[in-house]
Amino acid sequence: MEKNFDIEKLERYIIDNSLTYYIETYGCQMNAHDSEKISGILSSLGYSRAQDKDKADLVLFNTCCVRENAENKIYGNVGKMKQYKKHNEDMIVGVCGCMMQQKGVADDLFRMFPFVELAFGTTNMQDLPEMLYHIIFDKERIKLIEDDKIAEENVPMKRTPPPLSTVNIMQGCNNFCTYCIVPYVRGREHSRRIGDIITEVESLMKDGYREVMLLGQNVNSYGSEFDRVTFPMLLEEVAKTGIDRIRFMTSHPKDATLELFETMARHDNICNQLHLPVQAGSSRVLKAMNRRYTREDYLSLIKTLRSIIPDVVLSSDIMIGFPGETDDEFEETVSLMEEVRYDSAFTFVYSPRKGTPAAEMPDQIPEEIKQKRIMKIVALQNRITYESNLKDVGRSDRVLVEGKSSRDEGFIAGKTDGGKMVNLRGDISLVGQIIPVRIAEAKKTTLVGEIEGR
Ligand code: SF4
C-alpha cells in the first residue's frame, strides 16, 4: 500500500464517530495473543471495545485452520454478518489469522461474501491502520497477505487484565509434521531477541502481572538462528527477572533436553508443568507423522524428566486416526497413555488439511473407526485425570487466584504451580494473590480447595 495515508484524519474520524470494534478469536493461544495485539492497535487509534458483535463498527474474525470443523464454523459465522450489515451499512467486516495465509482462501472469501471488506495475514496486523483508512475514505476492499514477514516489535497490546499474560518468543515452525498446516500458514521459525523478551516481561511485572506464558509453536528450538542461544538460556534469564510464575508451550519432544529439565528444576518460579505432545504411541505412526522421535525415545525422555522433577504435572496432545493407523497401532497409543499417565491431555481426531502430505496418504481411516477410537481414549484420559486429581487431595499447594469461579457463586478460581485449576470459597479481592491452599476434593477435571490458615 503506497497510497495516501493520513493517520490523524483516521484517528479524528474514529474518535468523532465513537467507533467500536469486536474481535472473534478462534484456535490456539498464539491467536489469542495476536488478538490482544490487534485490540492494542485499534485502541491506540481511538476505537473502543464493543460488547456485542451486532453493535460493533468493525468486526474481525481471527481465524484458525488447524482443523476442518473450525474452518467450517468460521465460514458459517462470517456468513451470518450479512444480516448485521443490512442494519449498519458502515460496519466493516474483516477476516484475519491463519486461514488467510492459505493459498486462495482470502480470494474465495471475498467472492463468497461481497460484504467482507478486509482480509489480512498473521504478520500484517501492523498495517491495520492503513488498511482501515483506505476502506473508510477510499471505499476500497483490502486484502493484504504476505508470507514469511517478520512481526514488528513494539506493537501496542491490549492485554487481558493481570495476573496472567502471554509473551510470544518466536513465530513460525520448521518441523513440517505431515498432518500439520502451521508451517504453511505461520512461515519459518523466527525468534525474538532475548533483550526484547526480557523488557516485555519486566514491563508486565510493573503492570502487576504475576505469571507469564512464553509462547511459540516449538519453544525448544528458540534461538536456533542466533549463535549459542538456547531456550533454557532464555528461560534462565526470564526466571532471573523475578516474575512469580513462568510457563511455556509448546515443547516438541525431539528438542526437549536435559538442560531444559535442569533449568526448570533450578528455579522456583518456573512452574512444575510441561506440555509435551506425544501425538501417537506407535513408532511407525510417529515416523509417518515426521515427528522425529520413537515411542522409546519419548518414554525415555519422560523417565529423565521425572527423575529430575518428580512432581511435574504433565500434559500432551494425542491424535487418533492418522492415515494407516491400525488397531494395534492405536492400542500402542492407549498403552503409552497408561504408562505415562498424563495429568491431562488434548485428544483429537485426525482431520486432513489440504496441502499437507498426510492429506494425500492412502488408507484414510473411516469416520466410524475414528469415533470409536476417540471415545476410548477420552474415557481413558478422563479416568487418569480424575485419579491424578484424587492423589492431590490433602496436599498443600499455592494458588494464583485468577478470578471468579465460573462454577459456583461465592467461589474464586486459580491454578496450582503445576497448572491445575482449583475452585475455592473466597473473596474476589484475592484476585492476583498467590495463596496457600489445601486440596479438599477432586473433581473430574478440576480440584476444590480451602484457603490454609483460616
Ligand atoms: S511442531 Fe509439528 S505440530 Fe507443532 S506446529 Fe510445527 S509442524 Fe505443527
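This is a predicted model: local features need pLDDT of at least 70, side-chain atom pairs count only at pLDDT 80 or more; totals for chains, interfaces and linings use all residues.
Residues are numbered from 1 along each chain as its sequence is written, and side-chain values use heavy atoms, with hydrogens and water left out. Local features need pLDDT of at least 70 and side-chain atom pairs count only at pLDDT 80 or more, while totals for chains, interfaces and linings use all residues.

Let's start with the sheet. Six strands make an open sheet in the order S2-S1-S3-S4-S5-S6, with parallel pairing; here helices (H or I, at least four residues) and strands (E, at least two) are DSSP runs numbered from the N terminus, and two strands pair if DSSP finds at least two bridges between them. At the edges are strand S2 (48-49) and strand S6 (142-144), each pairing on one side only. Strand S4 (residues 92-97) runs parallel to strand S5 (residues 116-120), and 4 bridges join them. Across that pairing, Cys96 stands opposite Phe120 in S5.

Now look at what packs on the sheet. Helix H2 (residues 29-45) touches strand S1 (20-25), S2, strand S3 (58-63), S4 and S5, where contact means heavy atoms within 4.5 Å. Helix H5 (residues 105-112) also packs on the sheet, touching S4, S5 and S6.

Next come the aromatic rings. The whole structure holds 10 aromatic pairs; rings of Phe, Tyr and Trp (its six-membered ring) pair if their centres lie within 6.5 Å, with planes under 30 degrees apart counted as stacked, over 60 as edge-to-face and the rest as tilted. The rings of Phe113 and Phe115 have centres 5.7 Å apart and planes at 50°, so this pair is tilted. Both Phe113 and Phe115 are buried, on a scale where buried means under 20% relative accessible area, exposed over 50% and partly exposed in between (1.4 Å probe, protein chains only). Tyr179 and Phe322 pair edge-to-face, at 6.4 Å centre to centre and 85° between the planes. Tyr179 lies in the loop between strand S8 (170-171) and helix H7 (182-186), and Phe322 in the loop between strand S13 (313-320) and helix H13 (327-340), so the pair ties together parts 143 residues apart in sequence.

Finally, turn to helix H10 (residues 258-266), whose buried residues are Leu260, Phe261, Thr263 and Met264. Seen down the axis of H10, these fall within an arc of 160° (taken from the directions from the helix axis to the C-beta atoms), so they line one face of the helix.

Conventions: Axes are lines fitted to C-alpha atoms, for helices over the stretch in contact, and angles run from 0 to 180 degrees between N-to-C directions.
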